Amino acid sequence: MDKFVYYLYHICFRNWTFCERRGYGKIPDPVPKPCFSSSSNLKNCSAPSIVILDLETTGLIQHCIMPHITQIAVQIVNSNTKEQFSRYVAPDLPITPMAEKVTNITWSGRVLCYRGEPVDFVRIKTALVDFLEWLDKFPTVVIVAHNGRTFDFRVFCNAFRSCGLQIRFCSKVSAFCDSLILFRQKLLNLEKYKQEFLAQLFCGHTYNAHKALDYVIMLDEIMQAALLSVSDFKRHSYKTECQFLQEEFNSCKSKNITSLRPLIREKIMKSCTTENIAGSGLNLGHLRLIFKRSGEDGLVDVFSMKNSLGKPRVTSDKKVLGECNPKLCAYFSKRILLIGVFNPSLKSVCDDNILTKFSKKHFCQKVANGLSLFVSCRP
């Protein structure tokens, strides 16, 4: 039996050293949570180029999993020519039945159709490069989309990042502006702020809300009828880098939040705090590692350390830290490595004479329970 325990420990030790070699023993750099304040890029610009964007996609955003783009359409606003850009895009994901019904775009894997008629299409990287080249003629670009911050900007930024074009995009586009937020703050007490309602209210007619080019043309008409000024766009815009940072924060939160759920169940901290911890790049295993190395002071230091934006990684609020950290330390004190396997309460299970009273299944179950504690506390 002693040999079995030795081998069990040896397996765990090897597993731990493997994790150390793979970098699990390192605390990741903080991922900043951006502040969507007015863009400083536009302060000295009297006439930015306002470009309206709309996307058609393979579906909706589901649990931070982005749909693929099937059509890009844009139109320049403050220009006499009303120049437009449009591309149909072959997706690498299947189009959902609902998206097919709404957009009338179908993809067989070889042929892209709109309303059953084949259309010319390109791959996503080609479409994005074409778009950036089209933007070359316009200085200080601000991209506008209705409900863009919730959907279009997120999908668009994900596509640029996936294609390795993020830096090039940020060098050409100065800011984003969500026209839905703009209308809500400028025109108070409207019954609705959906674009279809605004089209009827300001322009007195409808349009094809799910054809991207018709959508951007209509939004241009609405903004002119509502007498929106350049200063309105400048006041409600934010840096393009903020959207990319937000997507990175969301990605980390989605990846790490599950491991932190026990802290909410045990009432150690509130969900908003765990979301900030997860989004900053930390999971439960990282917190355990910080506690193991530096105790409560280490947790305070990591939570309040400055990120690249000069803000606290999680929080520097003394009240929040004073409430959460003692509970967190108590939580980890009860879950030292392998406590479920190598503590005195299991000594009887490791005794050869007693083992005959247990089936192998029962013993393995106790070992598994102990290992689950070990695994749950690791990064």
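Predicted model: local features only at pLDDT ≥ 70, side-chain atom pairs only at ≥ 80, totals over all residues.
How many disulfides does the structure hold? The number is 0. The cut-off here is 2.5 Å between the sulfurs. Take cysteine 170. Its closest cysteine sulfur belongs to cysteine 157 and is 7.1 Å away, so the pair is too far apart for a bond. Cysteine 272 is in no disulfide either. For that residue, the nearest cysteine sulfur is in cysteine 324, at 8.6 Å. Is cysteine 170 buried or exposed? It is buried, because its relative accessibility is 16%.

Next, histidine 236. You will find it in the loop between helix H9, residues 230-235, and strand E9, residues 237-239. Histidine 236 has a relative accessibility of 16%, so it counts as buried. What does its side chain reach? The backbone oxygen of aspartate 232, at 2.9 Å. There is also a polar contact, side chain to side chain, with glutamine 185 at 3.0 Å. Now skip the neighbours within four places in sequence. Histidine 236 is then in contact with Phe176, Cys177, Asp178, Leu182 and Gln185.

On to phenylalanine 156. This one is in helix H4, which covers residues 152-162. Its relative accessible area is 0%, so phenylalanine 156 is buried. Who surrounds it? Leaving out residues up to four places away in sequence, phenylalanine 156 touches Leu53, Leu55, Ile69, Ile72, Leu128, Phe131, Ile143 and Phe169. Look at isoleucine 72 in that set. Phenylalanine 156 and isoleucine 72 are 84 residues apart in sequence, yet their C-alpha atoms are 9.3 Å apart in space.

Last stop, the largest pocket. How much space lies in it? About 840 Å³. The lining has 31 residues, and the closest to the centre are Thr57, Gly59, Leu60, Phe151 and His210. Which elements give two or more residues to that lining? They are strand E1 (49-57), helix H2 (97-103) and helix H7 (195-203). By class, the lining of the largest pocket splits into 15 nonpolar, 11 polar and 5 charged residues.

That is my tour. Over to you.

Note on methods
Residues numbered from 1 in each chain as written. Heavy atoms only, no water. Buried < 20%, exposed > 50% of the residue type's maximum accessible area, 1.4 Å probe, protein only. Helix = DSSP H or I, 4+ residues; strand = E, 2+ residues; numbered from the N terminus. Polar contact = N/O pair within 3.5 Å; in protein donor to acceptor, adjacent residues only side chain to side chain. Contact = heavy atoms within 4.5 Å. 1 Å grid on protein atoms, 1.4 Å probe; cavity = no way out; pocket = protein on both sides within 12 Å on 5 of 7 lines; lining within 4 Å. Points joined across faces, edges and corners; volume = space filled by probe spheres on them. Nonpolar A, V, L, I, M, F, W, Y, C, P; charged D, E, K, R; others polar.
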